[in-house]
Amino acid sequence: GFEGSTFPPAGWTVTDPLANGQVWQLNDPEGQQNQTGGSGNFADINSDFYGSGSSQDTSLVTPALNLSTAAAPYLTFNNNYNASPFFPQVGDVDVSKDGGTTWTNVWHHTGDAVPGPDLETVQLPTAANQANVKVRFHFTATFGFWWMVDNVTVLKSSNCVKVPGGLVEGNVSDLTTSAPINGAKVTSNDKPADNGTTVATPDDPANPDGYYWLFSSLTGSHPFTATKSL
């Protein structure tokens, strides 16, 4: 939860291979609030803060974890990964079963943002029944944006995690001709990570083409936007 005043927390490590001090820290240097869906303090690396002439390469690494009795371990964390395809940036979550000697990637994003508030769930199959496991959050950028992480949790069994939300479904059609539009992207304005693409429905004559359904992690009334080039 990163609620203590000491960072990194006891047992955790922060790497700085570029030796420039531009590393994971507690909270945001630009004074932004926690945007992960968590509350209070959070771990943050903010490339935007350091400016156009700077690059970052830093990892936030958990303590060693004994998962020798875990048949299907998984990781959850609250997340706000802000990125743009026009600025070089990579956010990786990697897992090691040998205490950090070698790493396997389990979560990878570049210019594709995963904005918060967001709860990520990541399976860790290579860590099953291993006694010396570490997880790291590895960020590299050159004048990119930022990554906020909170409430990092590793669990021993990947039972279903109940996520609040519901289904949104409908059809997209041309406003003038009423013709269905396939291949349109339907996105939640308030949570862009919740999106889907319209498709044809050849197997269901009762349902027109241009059909979409998606999971919305937000409930209540929220706007959605449908877009397609040309």
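Phenylalanine 215 lies in strand β15, which covers residues 211-216; strands here are DSSP runs of E with at least two residues, numbered from the N terminus. The model is a predicted one, in which local features need pLDDT of at least 70 and side-chain atom pairs count only at pLDDT 80 or more, while totals for chains, interfaces and linings use all residues. Residues are numbered from 1 along each chain as its sequence is written, and side-chain values use heavy atoms, with hydrogens and water left out.

Because its relative accessibility is 37%, phenylalanine 215 counts as partly exposed, a class that lies between buried (under 20% relative accessible area) and exposed (over 50%), with a 1.4 Å probe and protein chains only. Together with Val163, Leu167 and Trp213, Phe215 makes a nonpolar surface patch of about 440 Å².

Side chains of opposite charge can pair when their charged atoms come close. A search of the whole structure finds 1 salt bridge, meaning a side-chain nitrogen of Lys or Arg within 4 Å of a carboxyl oxygen of Asp or Glu. Arginine 136 forms a salt bridge with aspartate 94, and their closest N and O atoms are 2.8 Å apart. Since arginine 136 belongs to strand β10 (residues 130-142) and aspartate 94 to strand β7 (residues 89-96), the pair ties together parts that are 42 residues apart in sequence. Aspartate 94 counts as buried, because its relative accessibility is 5%.

Elsewhere, 3 strands form an open sheet in the order β14-β13-β16, with antiparallel pairing; two strands pair if DSSP finds at least two bridges between them. β14 (195-197) and β16 (224-227) stand at the edges with a single partner strand each, so one side of each is left without a neighbour in the sheet.

Methods
Patches are made of residues with over 30% relative accessible area and no salt bridge: like charges are joined within 9 Å, nonpolar side chains (Val, Leu, Ile, Met, Phe, Trp, Tyr) within 5 Å. Accessible areas come from the Shrake-Rupley method with a 1.4 Å probe; for residues, only the protein chains shown count as cover. Helices (H or I, at least four residues) and strands (E, at least two) are DSSP runs, numbered from the N terminus.
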